[in-house]
Amino acid sequence: MNFVVVVESPAKAKTIEKYLGEGYLVIASYGHIRDLPAKDGSVRPDEDFSMDWEVDDKSEKHIRDIASALRNAERLYLATDPDREGEAISWHVQEELQNRKALDGIEVKRVTFNEITKDAVLTAMRNPRDVDGELVDAYLARRALDYLVGFTLSPVLWRKLPGSRSAGRVQSVALRLICEREGEVERFRSREYWTVEADFLTIQGTPLTTHLTHLAGKKLDKFDLPDETTALAAKAQVETGSFTVSSVERKKTRRFPAPPFTTSTLQQEASRKLHYAAKRTMQIAQRLYEGVEVEGETVGLITYMRTDGVQMAAEAIQAVREMIGERFGKPYLPGTPRLYKTKAKNAQEAHEAIRPTDVYRRPEDVAPFLDRDHLRLYELVWKRTVASQMECAELEQVAVDVIREDGAATLRATGSIVVFDGFLKLYREDRDDEGSGDDDTDRILPAVGEGDALRPGQVRPEQHFTQPPPRYSEASLVKKLEELGIGRPSTYANIIAVLQDRNYVRIDARRFIPEDRGRLVTAFLESFFNRYVQYNFTAELENQLDEISGGRIDWKTVLRGFWEDFHGAVDGTRELRVSQVLDALDQDLGPHFFPEDVSGKDPRVCPTCGEGRLGLRLSKFGAFIGCSQYPTCRYTRPLTVASEGGAEMAEAARELGCDSATGGLVSLRKGPYGIYVQLDPPASAVPAPPANATPEPPPEPADGKPKKARKTRKTTDAPKPKRVSLPKGFDPASVDLDRALQLLALPREIGSHPESNVLITVGVGRFGPYLKCGDVYTSLPAEDDVLTVGMNRAVDLLANGGKARAPGRALGDHPDTGKPVTVRAGRFGPYVKCGDLMATLPKGADPETISLAEALEILKAKAAKGKPAKGGKSAKGAKPVKAAKATKSDDAVAKEEMSPGTATKKSAPKAKSQAAKGGGQS
């Protein structure tokens with residue numbers, strides 16, 4: 001062994017060692033082998049930004065292994081990833097080995113490759129270079145900046161804003177984006193508007209749907225029909241008179257394919273199409289890059305996944321074009337290769353786009369060697385890459401204007417026909433936050449000509465309300481950060497993960513919502529460190545780091561310029577009083593924590609004393625809301641909005657409105673198990689007691705001795721209200737009448753399974769939202785909305801997470817009753833079942849080998865526990881407890897894999913009570 005090669009991960013090491021063969025030892029550093037110690041003073045600006053580095057216990061073993069391997073080596077190859085971070089790892093390894101005098105007489109070289117294939121690795125080994133000092137300087141500058149901001153600003157937060165976690169250079173700016181969007185949502189006031197649709201029949205009897213665009217010669221703007229009255233007046237104009245086609249416009253357009261993936265676009269598209277978090281996407285991409293065993297050979301399936309570049313190597317483009325010609329035919333192959341360019345100018349621009357290392361390795365070819373998540377991401381990369389070199393799609397857009405004979409009303413129908421599908425045959429890019437209007441892309445309009453008379457049909461006025469700007473999803477947040485030039489591809493996943501780990505944000509229905517703690521931090525930074533959370537300042541700092549990478553500016557010059565102003569800003573807060581902080585935060589966040597009351601009541605008035613003013617207060621445990629009359633009034637509440645329905649939700653129900661179908665009142669309520677919506681039965685459904693009804697006296701005892709009156713259960717024929725718990729992650733403040741009615745209408749039918757044709761439904765059960773298809777169930781993940789989840793996502797979840805409720809292993813029939821005896825897997829362990837009687841298997845009993853005779857003994861013992869003792873009474877004089885008779889509810893419990901419990905003498909009354917309710921068993 002003469003040569004040692006160092007890479008980051010064992011998986012990468014295993015793959016490369018097979019390519020290099022004998023004479024090479026490939027060893028993993030397991031990422032960074034050292035870092036700045038997590039204490040003050042690790043970066044010292046007063047000493048020209050000198051830094052201390054520390055090797056932790058785990059990395060110590062790895063660096064010793066590398067040093068040991070070098071004892072008989074001639075050369076050390078540093079083959080870490082081809083980006084700034086990879087260059088830094090190589091530099092750290094070299095520096096640490098030099099400090100330990102492990103490189104005496106050993107030549108050190110750096111090699112990089114954009115893909116882990118045999119050809120790429122061997123080519124890189126033939127063309128080594130030295131460690132790139134400019135990339136290392138850029139890393140040192142970035143690491144020093146992040147350290148100085150974190151270890152200088154965070155203590156200010158802890159002193160002035162107790163309960164805060166920490167602040168970061170880039171994370172704080174991303175948090176500001178999320179908080180600002182939430183402020184826009186809160187300030188938004190919905191506005192009503194109406195539209196009018198009309199159906200016509202052509203001469204051939206084909207239906208044509210139009211919408212009103214002009215009325216009385218005036219073009220209608222969005223809010224020109226503000227209410228039902230004006231909409232009905234417009235409807236009357238359309239219902240009268242005769243209509244003809246005034247014009248037919250046809251326009252051909254071309255739609256171009258999207259370029260191959262960069263890191264950010266891969267994260268965005270994986271979030272939209274696959275519902276992967278950015279962190280998960282990068283984990284899978286890393287594995288596909290480092291190597292997967294395919295038909296006995298370990299090979300990297302995609303190129304390096306941290307890149308801003310959209311260009312591809314010439315040989316890769318040629319291979320893709322050949323694939324298109326063979327698989328799709330000549331019409332789908334453009335005359336010349338497509339060449340893409342990006343405006344990014346940082347050092348990583350030198351890397352190719354993310355693409356398959358071999359385009360002929362199709363998704364179906366590697367499917368047997370990949371798990372589902374890896375296959376789906378590989379398929380996404382493969383399709384995007386191939387589609388980027390395919391021919392454009394051609395569409396014909398059609399607009400038909402329909403006018404009343406006197407010109408009083410004009411309506412329009414629009415549609416689009418795909419003349420040639422081009423790249424759409426393989427791949428269609430998703431978009432964020434698309435409008436809620438109808439998508440006319442696939443609407444085909446009937447053949448009509450100018451002057452054709454149309455027969456009027458139904459006219460429909462429709463009510464609409466404007467919607468607030470959408471909250472950021474992972475995809476749209478990454479897109480926004482990239483547009484603003486904040487962060488770099490390798491940092492996006494970490495930024496999002498840190499915000500969640502610090503509990504500054506949460507995800508609801510795959511959208512970011514800032515926690516109150518996060519809003520406090522953002523308000524504090526905007527009030528006292530405004531410059532450092534400005535988008536243009538952060539972006540300009542990123543550009544300077546890129547300039548360092550290109551050798552155009554000295555890294556310590558950038559640090560000096562930043563530190564001088566930043567240190568002054570921190571010093572300026574030393575005399576800052578807590579009262580000043582509170583005043584600033586109260587002014588900024590007052591509208592959030594104390595929203596306007598629709599009744600006109602001042603939301604700041606203390607509900608306890610009625611005189612004090614509610615405001616933000618601070619303690620050593622963090623911020624809270626308290627009364628200004630303290631200590632006379634001690635009212636406090638957590639830092640939440642009182643109307644959110646959380647811990648401070650009023651005991652009284654919040655009325656949402658009436659159900660138009662039943663007339664029952666719909667309300668949002670708080671119970672002992674959380675927030676729920678309730679639909680009351682209509683007043684007409686509740687029977688009134690007879691006017692002359694009088695209570696019936698108890699019968700006289702036969703023996704004349706007085707007896708205690710027996711308590712009887714109150715019975716009523718009145719229907720019970722319908723209730724549905726709010727699924728986890730639902731924001732109670734966002735629940736309106738429409739959303740509540742959708743919850744109350746659950747379970748919802750999604751449609752028939754495309755393969756089995758069995759109906760798929762979605763609902764909320766005792767353990768949360770679920771999907772059901774026949775006997776197959778699966779839980780709905782928190783990021784999916786029970787009200788909007790569609791067919792594709794449902795089939796996907798059922799295929800990978802669905803579990804059929806196992807019928808159990810049949811042991812035989814009961815000799816007395818003839819009913820089947822089965823052994824089943826329950827939530828709390830295996831149990832045997834015969835009819836309505838169920839009994840848990842004793843500890844140590846094997847459900848796979850238990851016999852019918854053994855099962856009968858267990859069932860017999862269980863049944864005996866419910867029989868009375870001699871004298872007709874059980875121990876302590878308690879009444880005998882009978883085995884609970886199974887009801888529909890019991891069967892549902894069994895389907896939820898709930899095994900029976902055993903009622904002890906002390907728990908017998910409770911078990912009886914549960915059985916009487918039909919919800920348990922003894």
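Helices here are DSSP runs of H or I with at least four residues, strands are DSSP runs of E with at least two, and both are numbered from the N terminus. The model is predicted, so to speak of local features takes a pLDDT of at least 70, side-chain atom pairs count only at pLDDT 80 or more, and totals for chains, interfaces and linings use all residues. Residues are numbered from 1 along each chain as its sequence is written, and side-chain values use heavy atoms, with hydrogens and water left out.

Most residues other than glycine have a negative phi, and most peptide bonds are trans. Asp 48 is not a glycine, yet its phi is positive, about 60°. You'll find Asp 48 in the loop between β3 (43-44) and β4 (50-51). Asp 48 is partly exposed, with a relative accessible area of 35%; on this scale buried means under 20%, exposed over 50%, and partly exposed in between, using a 1.4 Å probe and protein chains only. His 275 also isn't a glycine, and its phi is positive too, near 65°.

| Cis peptide bond | Omega |
|---|---|
| Tyr 630 to Pro 631 | near 5° |
| Leu 746 to Pro 747 | about 0° |

Pro 747 sits in the loop between α19 (737-744) and β25 (748-752). Pro 631 belongs to the loop between β19 and β20. Tyr 630 is in the loop between β19 (622-627) and β20 (636-637). Is Tyr 630 buried or exposed? Tyr 630 is exposed, because its relative accessible area is 56%. Tyr 630 is also 18 residues from Gly 612 in sequence, and their C-alpha atoms are 8.5 Å apart in space.

Now for Arg 321, part of helix α10 (residues 314-327). What the Arg 321 side chain does reach is the backbone oxygen of Thr 336, at 3.4 Å. Contact means heavy atoms within 4.5 Å. Leaving aside neighbours within four places in sequence, Arg 321 is in contact with Leu 333, Pro 334, Gly 335, Thr 336, Pro 337 and Gln 389.

Conventions: Polar contact = N/O pair within 3.5 Å; in protein donor to acceptor, adjacent residues only side chain to side chain.
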